[in-house]
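Subject: Structure handover

Hello,

Here is the structure we talked about. Please open it and keep it beside this email while you read.

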Amino acid sequence: MFFSTGKLVTALLGAASCLLVSPATAFTNPIRRPGGSDPHITYSGGYYYLLSTTWTDVEIARATTIDGLKTAARKVVYSSSEANRCCNVWAPEAHYIDGTWYIYFSAGSADTLDRQNLHVLKGGASAWDDYTYAAQLTQDWSIDGSVARFDGWGNYFVYSCFHGVPYQSLCMQKLASDNLSLMGNISVISQPLEAWEQSGTPVNEGPAALYLDKTYIAYSANHCWTPDYCLATLEWDGATDPQSAAGWTKSDGCVFSGGVNGHYGTGHNGFFRSPDGTQTWNVYHATANSAGACDDSRYTMIQALGTNSDGSPNFGTPVPFSFNSAEPV
(Lines give C-alpha, C1' and ligand atoms only; values in the text may rest on other atoms or scores of the structure.)
Protein backbone atom coordinates (compact mmCIF):
# COMPACT_ATOMS: atom_id res chain seq x y z
CA MET A 1 0.00 0.00 0.00
CA PHE A 2 1.68 3.16 -1.14
CA PHE A 3 0.29 6.42 0.13
CA SER A 4 1.93 9.70 0.93
CA THR A 5 1.32 10.59 4.54
CA GLY A 6 -0.63 13.59 5.67
CA LYS A 7 -4.22 14.48 5.14
CA LEU A 8 -6.06 12.32 2.64
CA VAL A 9 -9.56 13.21 1.50
CA THR A 10 -11.91 10.27 1.72
CA ALA A 11 -15.28 10.04 0.07
CA LEU A 12 -18.28 9.83 2.33
CA LEU A 13 -19.50 6.63 0.76
CA GLY A 14 -21.76 4.32 2.73
CA ALA A 15 -20.16 0.93 2.22
CA ALA A 16 -23.48 -0.82 2.23
CA SER A 17 -25.68 1.82 0.65
CA CYS A 18 -27.35 1.16 -2.68
CA LEU A 19 -25.79 2.80 -5.73
CA LEU A 20 -27.43 3.03 -9.15
CA VAL A 21 -24.65 2.09 -11.55
CA SER A 22 -24.53 0.50 -14.96
CA PRO A 23 -23.18 -3.07 -15.21
CA ALA A 24 -20.28 -1.80 -17.33
CA THR A 25 -19.00 0.34 -14.47
CA ALA A 26 -19.91 -1.91 -11.55
CA PHE A 27 -18.64 -4.99 -9.77
CA THR A 28 -20.00 -7.48 -7.28
CA ASN A 29 -18.19 -9.49 -4.64
CA PRO A 30 -16.43 -11.82 -4.11
CA ILE A 31 -13.38 -10.85 -6.16
CA ARG A 32 -11.43 -14.07 -5.58
CA ARG A 33 -13.00 -17.32 -4.38
CA PRO A 34 -11.52 -19.66 -3.33
CA GLY A 35 -7.97 -18.62 -2.54
CA GLY A 36 -8.84 -15.12 -1.37
CA SER A 37 -7.21 -15.14 2.07
CA ASP A 38 -5.13 -12.19 3.32
CA PRO A 39 -5.75 -10.01 0.25
CA HIS A 40 -3.72 -6.97 -0.72
CA ILE A 41 -4.49 -4.51 -3.52
CA THR A 42 -2.55 -1.55 -4.83
CA TYR A 43 -3.22 0.73 -7.81
CA SER A 44 -0.44 1.95 -10.08
CA GLY A 45 -0.03 2.95 -13.71
CA GLY A 46 -3.60 2.19 -14.73
CA TYR A 47 -3.75 -1.26 -13.10
CA TYR A 48 -5.05 -2.76 -9.90
CA TYR A 49 -2.67 -5.39 -8.53
CA LEU A 50 -4.04 -8.20 -6.34
CA LEU A 51 -2.08 -10.60 -4.15
CA SER A 52 -3.44 -13.17 -1.68
CA THR A 53 -2.27 -16.23 0.23
CA THR A 54 -1.60 -19.24 -2.01
CA TRP A 55 0.25 -21.30 0.64
CA THR A 56 2.94 -22.43 -1.86
CA ASP A 57 4.21 -19.35 -3.74
CA VAL A 58 3.71 -15.63 -4.31
CA GLU A 59 1.47 -14.67 -7.22
CA ILE A 60 0.39 -11.28 -8.52
CA ALA A 61 -2.52 -10.49 -10.84
CA ARG A 62 -3.45 -7.23 -12.50
CA ALA A 63 -6.44 -5.69 -14.29
CA THR A 64 -7.65 -2.24 -15.29
CA THR A 65 -10.88 -2.69 -13.28
CA ILE A 66 -11.83 -4.34 -10.00
CA ASP A 67 -14.22 -6.61 -11.88
CA GLY A 68 -11.38 -7.62 -14.18
CA LEU A 69 -9.39 -8.98 -11.23
CA LYS A 70 -11.84 -11.88 -11.00
CA THR A 71 -10.48 -13.44 -14.19
CA ALA A 72 -7.01 -11.86 -14.37
CA ALA A 73 -4.09 -14.18 -15.09
CA ARG A 74 -1.74 -14.70 -12.17
CA LYS A 75 2.02 -14.34 -12.47
CA VAL A 76 4.23 -16.37 -10.12
CA VAL A 77 6.97 -14.11 -8.77
CA TYR A 78 8.32 -16.39 -6.06
CA SER A 79 8.59 -20.07 -5.26
CA SER A 80 11.35 -21.90 -3.43
CA SER A 81 12.53 -25.33 -2.40
CA GLU A 82 14.61 -23.88 0.45
CA ALA A 83 13.47 -25.70 3.58
CA ASN A 84 13.14 -22.57 5.72
CA ARG A 85 10.96 -20.62 3.23
CA CYS A 86 9.39 -23.15 0.91
CA CYS A 87 6.00 -23.47 2.41
CA ASN A 88 3.08 -21.89 4.24
CA VAL A 89 3.57 -18.79 2.13
CA TRP A 90 1.15 -16.21 3.48
CA ALA A 91 -0.01 -12.61 3.16
CA PRO A 92 2.13 -11.07 0.40
CA GLU A 93 2.01 -7.28 0.06
CA ALA A 94 3.45 -5.07 -2.69
CA HIS A 95 4.88 -1.69 -1.66
CA TYR A 96 6.43 1.03 -3.81
CA ILE A 97 9.30 2.70 -1.97
CA ASP A 98 11.95 5.04 -3.37
CA GLY A 99 11.19 4.16 -6.99
CA THR A 100 11.21 0.37 -6.55
CA TRP A 101 8.57 -2.25 -5.82
CA TYR A 102 9.02 -4.71 -2.96
CA ILE A 103 6.89 -7.66 -1.91
CA TYR A 104 6.91 -8.57 1.78
CA PHE A 105 5.52 -11.99 2.77
CA SER A 106 5.51 -14.72 5.42
CA ALA A 107 6.94 -18.20 4.83
CA GLY A 108 8.36 -21.15 6.72
CA SER A 109 8.88 -24.89 6.61
CA ALA A 110 6.59 -27.70 5.51
CA ASP A 111 6.33 -29.63 8.77
CA THR A 112 5.41 -26.92 11.29
CA LEU A 113 4.01 -23.42 11.61
CA ASP A 114 6.42 -22.67 14.43
CA ARG A 115 9.16 -21.41 12.10
CA GLN A 116 7.26 -18.73 10.18
CA ASN A 117 9.33 -15.65 9.36
CA LEU A 118 9.10 -12.56 7.20
CA HIS A 119 10.85 -12.22 3.85
CA VAL A 120 11.20 -9.67 1.05
CA LEU A 121 11.40 -9.74 -2.74
CA LYS A 122 12.87 -6.86 -4.75
CA GLY A 123 11.28 -5.84 -8.03
CA GLY A 124 11.68 -2.95 -10.44
CA ALA A 125 10.03 0.31 -11.39
CA SER A 126 6.74 -1.44 -12.27
CA ALA A 127 4.76 -3.71 -10.00
CA TRP A 128 4.55 -6.14 -12.94
CA ASP A 129 8.34 -6.47 -13.26
CA ASP A 130 10.11 -9.65 -12.23
CA TYR A 131 11.11 -10.05 -8.59
CA THR A 132 14.12 -11.68 -6.97
CA TYR A 133 14.40 -13.04 -3.45
CA ALA A 134 16.30 -10.50 -1.37
CA ALA A 135 16.34 -11.37 2.33
CA GLN A 136 14.82 -12.86 5.44
CA LEU A 137 13.79 -9.96 7.65
CA THR A 138 13.17 -11.63 11.03
CA GLN A 139 14.65 -14.42 13.10
CA ASP A 140 11.88 -15.01 15.63
CA TRP A 141 8.38 -16.20 14.72
CA SER A 142 6.62 -13.45 12.80
CA ILE A 143 3.92 -13.09 10.14
CA ASP A 144 1.83 -10.49 8.29
CA GLY A 145 4.41 -7.80 7.65
CA SER A 146 3.39 -4.39 6.30
CA VAL A 147 4.94 -0.96 5.85
CA ALA A 148 3.76 2.07 7.83
CA ARG A 149 5.00 5.59 7.10
CA PHE A 150 5.18 8.48 9.56
CA ASP A 151 6.02 12.09 8.75
CA GLY A 152 9.12 13.08 10.63
CA TRP A 153 9.86 9.54 11.73
CA GLY A 154 10.33 7.54 8.52
CA ASN A 155 9.23 4.11 7.38
CA TYR A 156 8.51 1.28 9.80
CA PHE A 157 7.68 -2.39 9.48
CA VAL A 158 4.72 -3.61 11.52
CA TYR A 159 3.91 -7.30 11.92
CA SER A 160 2.44 -9.98 14.18
CA CYS A 161 4.82 -11.42 16.78
CA PHE A 162 5.44 -13.00 20.19
CA HIS A 163 8.32 -10.70 21.16
CA GLY A 164 8.57 -11.10 24.93
CA VAL A 165 4.81 -11.35 25.35
CA PRO A 166 2.52 -14.34 25.95
CA TYR A 167 0.02 -13.65 23.16
CA GLN A 168 0.25 -13.01 19.44
CA SER A 169 0.68 -9.24 19.30
CA LEU A 170 1.72 -6.40 16.98
CA CYS A 171 5.40 -5.49 16.73
CA MET A 172 7.07 -2.54 15.03
CA GLN A 173 10.65 -2.05 13.88
CA LYS A 174 12.39 0.58 11.74
CA LEU A 175 12.68 -0.28 8.05
CA ALA A 176 16.29 0.29 6.98
CA SER A 177 17.11 2.61 4.07
CA ASP A 178 17.71 -0.37 1.75
CA ASN A 179 14.09 -1.49 2.37
CA LEU A 180 15.50 -5.02 2.61
CA SER A 181 16.32 -5.14 6.31
CA LEU A 182 15.11 -4.01 9.71
CA MET A 183 17.08 -2.03 12.25
CA GLY A 184 16.94 -0.95 15.86
CA ASN A 185 14.82 -2.28 18.67
CA ILE A 186 11.65 -4.33 18.30
CA SER A 187 8.70 -2.79 20.11
CA VAL A 188 5.28 -4.22 20.92
CA ILE A 189 2.60 -1.62 20.16
CA SER A 190 -0.52 -3.73 20.80
CA GLN A 191 -1.41 -6.87 22.74
CA PRO A 192 -4.76 -8.74 22.72
CA LEU A 193 -5.60 -7.93 26.32
CA GLU A 194 -9.25 -6.95 25.84
CA ALA A 195 -11.94 -9.61 26.16
CA TRP A 196 -13.21 -8.84 22.65
CA GLU A 197 -9.77 -9.78 21.23
CA GLN A 198 -9.59 -13.20 22.87
CA SER A 199 -12.19 -15.42 21.17
CA GLY A 200 -10.64 -18.83 20.55
CA THR A 201 -7.12 -17.57 21.24
CA PRO A 202 -5.95 -14.03 22.01
CA VAL A 203 -4.67 -12.64 18.69
CA ASN A 204 -3.57 -9.38 17.07
CA GLU A 205 -2.41 -9.85 13.45
CA GLY A 206 -2.73 -8.56 9.88
CA PRO A 207 -1.78 -4.89 10.47
CA ALA A 208 -2.47 -2.34 7.71
CA ALA A 209 -1.72 1.38 7.82
CA LEU A 210 -4.47 3.86 6.99
CA TYR A 211 -3.83 7.57 6.42
CA LEU A 212 -6.80 9.90 6.92
CA ASP A 213 -6.80 13.10 8.98
CA LYS A 214 -4.85 10.92 11.40
CA THR A 215 -2.77 7.78 10.98
CA TYR A 216 -4.35 4.46 11.93
CA ILE A 217 -3.32 0.85 11.91
CA ALA A 218 -6.16 -1.57 11.28
CA TYR A 219 -5.58 -5.11 12.52
CA SER A 220 -7.37 -8.41 12.97
CA ALA A 221 -8.42 -9.62 16.41
CA ASN A 222 -9.42 -13.08 17.71
CA HIS A 223 -8.54 -16.47 16.26
CA CYS A 224 -9.44 -17.02 12.61
CA TRP A 225 -11.13 -20.35 13.39
CA THR A 226 -13.91 -18.40 15.12
CA PRO A 227 -16.73 -16.29 13.63
CA ASP A 228 -15.49 -13.44 15.85
CA TYR A 229 -12.38 -12.72 13.75
CA CYS A 230 -12.81 -8.99 13.10
CA LEU A 231 -11.09 -5.69 12.36
CA ALA A 232 -10.08 -3.21 15.03
CA THR A 233 -7.94 -0.07 14.88
CA LEU A 234 -5.10 1.71 16.59
CA GLU A 235 -5.03 5.52 16.30
CA TRP A 236 -1.66 7.31 16.46
CA ASP A 237 -1.51 10.58 18.38
CA GLY A 238 0.76 12.13 15.74
CA ALA A 239 3.50 13.15 18.15
CA THR A 240 4.74 10.20 20.19
CA ASP A 241 7.42 7.86 18.82
CA PRO A 242 5.33 5.41 16.75
CA GLN A 243 7.23 2.54 18.32
CA SER A 244 5.81 3.47 21.71
CA ALA A 245 2.56 1.77 22.67
CA ALA A 246 1.69 4.95 24.57
CA GLY A 247 1.23 6.76 21.28
CA TRP A 248 -1.57 4.47 20.13
CA THR A 249 -5.22 4.36 21.19
CA LYS A 250 -7.12 1.13 20.57
CA SER A 251 -10.69 1.13 19.29
CA ASP A 252 -13.38 0.28 21.81
CA GLY A 253 -14.14 -3.10 20.28
CA CYS A 254 -14.32 -4.40 16.73
CA VAL A 255 -14.93 -1.79 14.02
CA PHE A 256 -15.85 -4.29 11.29
CA SER A 257 -17.43 -7.66 12.04
CA GLY A 258 -19.10 -10.57 10.28
CA GLY A 259 -22.36 -12.30 11.02
CA VAL A 260 -23.90 -10.06 8.36
CA ASN A 261 -25.11 -11.01 4.86
CA GLY A 262 -23.67 -14.51 5.22
CA HIS A 263 -20.10 -13.39 5.86
CA TYR A 264 -18.07 -14.48 8.89
CA GLY A 265 -14.50 -13.95 10.05
CA THR A 266 -14.18 -10.63 8.23
CA GLY A 267 -10.56 -9.60 8.66
CA HIS A 268 -6.96 -9.39 7.44
CA ASN A 269 -7.55 -6.32 5.36
CA GLY A 270 -5.68 -3.71 3.40
CA PHE A 271 -6.44 -0.28 1.96
CA PHE A 272 -5.95 1.20 -1.47
CA ARG A 273 -6.73 4.53 -3.14
CA SER A 274 -8.95 5.05 -6.16
CA PRO A 275 -7.28 6.17 -9.40
CA ASP A 276 -8.15 9.84 -8.82
CA GLY A 277 -7.09 9.66 -5.17
CA THR A 278 -10.43 10.77 -3.72
CA GLN A 279 -11.62 7.41 -2.37
CA THR A 280 -10.20 4.89 0.05
CA TRP A 281 -11.23 1.24 -0.37
CA ASN A 282 -11.12 -1.65 2.06
CA VAL A 283 -10.07 -5.09 0.80
CA TYR A 284 -10.53 -7.97 3.24
CA HIS A 285 -11.32 -11.64 3.43
CA ALA A 286 -14.37 -13.45 4.78
CA THR A 287 -15.76 -16.97 4.91
CA ALA A 288 -19.23 -18.45 4.54
CA ASN A 289 -18.41 -20.88 7.36
CA SER A 290 -20.43 -19.70 10.36
CA ALA A 291 -17.78 -21.21 12.67
CA GLY A 292 -15.00 -19.17 11.07
CA ALA A 293 -12.12 -20.44 8.94
CA CYS A 294 -8.36 -20.17 8.49
CA ASP A 295 -8.29 -22.17 5.24
CA ASP A 296 -8.63 -21.62 1.51
CA SER A 297 -12.41 -21.26 1.73
CA ARG A 298 -11.91 -17.60 2.53
CA TYR A 299 -12.70 -15.15 -0.26
CA THR A 300 -11.64 -11.63 -1.17
CA MET A 301 -14.12 -8.77 -0.68
CA ILE A 302 -13.81 -5.09 -1.62
CA GLN A 303 -15.93 -2.14 -0.54
CA ALA A 304 -15.64 1.61 -0.09
CA LEU A 305 -14.44 3.03 3.20
CA GLY A 306 -16.34 5.96 4.65
CA THR A 307 -15.45 8.53 7.29
CA ASN A 308 -17.26 9.66 10.41
CA SER A 309 -17.91 13.30 11.24
CA ASP A 310 -14.71 13.41 13.31
CA GLY A 311 -12.63 12.13 10.39
CA SER A 312 -12.21 8.61 11.76
CA PRO A 313 -12.80 5.63 9.46
CA ASN A 314 -16.29 4.23 9.02
CA PHE A 315 -16.04 0.65 7.77
CA GLY A 316 -19.78 0.06 7.43
CA THR A 317 -20.89 -3.58 7.29
CA PRO A 318 -19.91 -6.42 4.92
CA VAL A 319 -21.93 -6.02 1.73
CA PRO A 320 -23.97 -8.88 0.22
CA PHE A 321 -22.81 -10.65 -2.92
CA SER A 322 -25.79 -9.11 -4.72
CA PHE A 323 -24.63 -5.55 -4.07
CA ASN A 324 -23.57 -3.69 -7.22
CA SER A 325 -20.73 -1.32 -6.38
CA ALA A 326 -19.46 1.39 -8.70
CA GLU A 327 -15.86 0.95 -9.78
CA PRO A 328 -13.42 3.29 -7.99
CA VAL A 329 -13.21 6.68 -9.70
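Below are notes on its salt bridges.

This is a predicted model, where local features need pLDDT of at least 70, side-chain atom pairs count only at pLDDT 80 or more, and totals for chains, interfaces and linings use all residues. Residues are numbered from 1 along each chain as its sequence is written, and side-chain values use heavy atoms, with hydrogens and water left out.

A salt bridge here is a side-chain nitrogen of Lys or Arg within 4 Å of a carboxyl oxygen of Asp or Glu. The count is six. Buried means under 20% relative accessible area, exposed means over 50%, and partly exposed lies in between (1.4 Å probe, protein chains only).

Asp-67 pairs with Lys-70, and their closest N and O atoms are 3.3 Å apart. Asp-67 is partly exposed at 34%. Lys-70 is partly exposed too, at 33%.

Arg-115 bridges to Asp-111, with 2.9 Å between the closest N and O atoms. Arg-115 is partly exposed at 46%. Asp-111 is exposed at 62%.

Lys-250 and Glu-197 also form a salt bridge, at 2.9 Å from N to O. Where do they sit in the chain? Lys-250 is in strand S17 (residues 248–250). Glu-197 is in the loop between strand S13 (182–190) and strand S14 (204–211). Strands are DSSP runs (E, at least two residues), numbered from the N terminus. The pair links distant parts of the chain, 53 residues apart. Lys-250 is partly exposed at 25%, whereas Glu-197 is buried at 0%.

Best wishes

Methods
Helices (H or I, at least four residues) and strands (E, at least two) are DSSP runs, numbered from the N terminus.
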